[in-house]
Amino acid sequence: MTPGPSSAPDDGGRFRLTLVRVLAVQVVTLLLLWWLQARYGR
Amino acid sequence: MHPLNWAIVIVYLVYVVVDGIRRSKDTHEIEGYFLANRNLPWWAVGLSVMATQLSAVTMIGTTGQGATDGLRFIQFYFGLPIAMVILGVTIVPFLHGARVFTAYEFLEKRFDARTRSLTSFLFLLSRGMSCGTIIAAPAVVFSAIFGWSMAWSVALIGVPTVLYTMIGGVQAVTWADVKQMFLIVGALVAIVVVLVFKLPVRPDEALHIAGATGRLQVFDFSFDLSKTYTFWSGILGGTFLMLSYFGTDQSQVQRYLTARSVNEARSSLLMSAYWKIPLQALVLLIGVLVFVYYLFQAPPLLFNPAHERLVRQAEPAAFGALETRFGAAFTARERAARAVAQAEDAGDAAEQEAAMGVFRAREADVTTVRTEALAMAARASGEPSRDVNYIIPRFVLDALPIGLAGLFIAGVMAAAMSSIAAELNSLSTATVIDFYRRWIRPEASDAHFLNVSKLATGVWGIFACIVATFAATLGSLIEVVNRFGSFFYGSILGVFILAMIPSSRGPGAFFGLLAGMATVFAVTVGLPSVSFLWHNLIGAVAVVVVGTLVSAVARPARG
């Protein structure tokens, strides 16, 4: 017997929103690191 | 160290233990002792998750790595945010919804008892030894820096941690983690501020100088399986490593099982998704700035004072000559570094390029002398020098103002203790829930299990302290166990992935796990150049493939 997760109907939408937020923050962080490398990392 | 610094360290140690004992009032049953009655707020759990992952190695070793190798190690964490989001919609709701104490207990509900017992046993074996190494890492450094015996260093870190974890359970662990996380971040930020004020050049010039040595090179896009830190190994291999660690390792799973709801458990993991990479960048940047600091302030030839003493005794003339060469190389490099800063101010591109070229050559001269000194230290001590781990402690003691050095040492202890406490707590949980209650005394009372749990925490704590004290002599054994751990980390993740595939069955999970471990073993032996970051991915895929096939064969037989 597999215990199922407690899911809500809007779980899919919430997941997509969270994924977009986390990826957006990560992209900004990576861009900052990229800028650091491009500006100073000769 | 100044008495005020020691006072800060002692106040911290006493406070952690007293606060932990105070928390024991809320733990009269094993649900409270191990899971805080599943009632902790997401932010406390999130800080606990981050504190558990951030060990003393991060404070000492990773900052040192930043000083010698720059920022490239940050790529190791590129998969973490992705892993956290995936876990939030896959394993977290399953584990939290199943109302289990351990991740492995869930596997019995889904598959069978032998899969649960095997995975839990592998966890105990691996984490039991690694807990000792987590204590040993800072203890070795304290021992060399302060001249203490290894047993005393281990006791200073281990005894308070075992006490508050044993008495207060997960409540004490989590709330101590919260305070420890603030202490750690506070110490790191304070060091950055001090460094910026102590450097004789502007931050912009400091970064130009560091950049000239390649230390601000973050990204490596080459798809080379033998390289550990590349963009692809971080994104692909790193994602699977983080999925394994945060999704199947009881020391992390137990953190978010204490959250009030599935959503709060998810939110606690997302805290790491947002903050881990910036925090790690800060840690590495401290190392880079310390490197720049030592361009203008004469560093010791060897940062490890114990090794320096040994080499002076073993080869006094040769080491003296090396120190003379080092002094000259340092002076030439300092002049070249100042020339780089002046060229940046002047804004002449040709002058900047020429100054950079000279600086790189002088930096190479210093590196040559230091490499010879490290070889001398390895000869004299009979062990790898690991001088990188002593760069930041020496900087802290030599350069930080009174009070801040104590804050940093307390921060290193906090980082070590938060990881050790979580591991002891989870080792005790797996021992009692997956073995003692499952196989030995299933009918015993809750009060009995609570006493056994406290005893198990204490026994694991003593075991970890013994391993840590003899870490130097047990070196090869620990390496074997760690290597063995890498064989099954990804494979256990594969079993959890199988658990989410409706058609998979118990025999598929069990034999898939064995096949996954065998595959990683074969890759390790047959293709030793493949970096360990890829092992988790390989193990997980092998388990899913073999497990699915075995399940397909096993199904008709069962039906």
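In helix α5(B), the buried residues are B:L80, B:P81, B:I82, B:A83, B:M84, B:V85, B:L87 and B:G88; buried means 20 or more other C-beta atoms within 10 Å of the residue's own, with C-beta atoms placed from the backbone. Helices here are DSSP runs of H or I with at least four residues, numbered from the N terminus. Because eight of the 10 residues of α5(B) (residues 80–89) are buried, the helix is largely enclosed by the rest of the structure.

A word on the source: this is a predicted model, where local features need pLDDT of at least 70, side-chain atom pairs count only at pLDDT 80 or more, and totals for chains, interfaces and linings use all residues. Residues are numbered from 1 along each chain as its sequence is written, while chains are lettered from A and ligands numbered from 1 in the order in which they are written.

Next, look at α4(B) (residues 56–69) and α18(B) (residues 404–440), whose axes come within 6 Å and cross at roughly 125°. Axes are lines fitted to C-alpha atoms over the stretch in contact, with angles running from 0 to 180 degrees between N-to-C directions. B:A56, B:T58, B:M59 and B:I60 of α4(B) meet B:G411, B:V412, B:A415 and B:A416 of α18(B), where contact means C-beta atoms, placed from the backbone, within 7 Å.

Finally, the two chains: their contact takes 21 residues from chain A and 29 residues from chain B.

Technical notes. A residue is buried if 20 or more other C-beta atoms lie within 10 Å of its own, exposed if 12 or fewer, and partly exposed in between; C-beta atoms are placed from the backbone. Helices (H or I, at least four residues) and strands (E, at least two) are DSSP runs, numbered from the N terminus.
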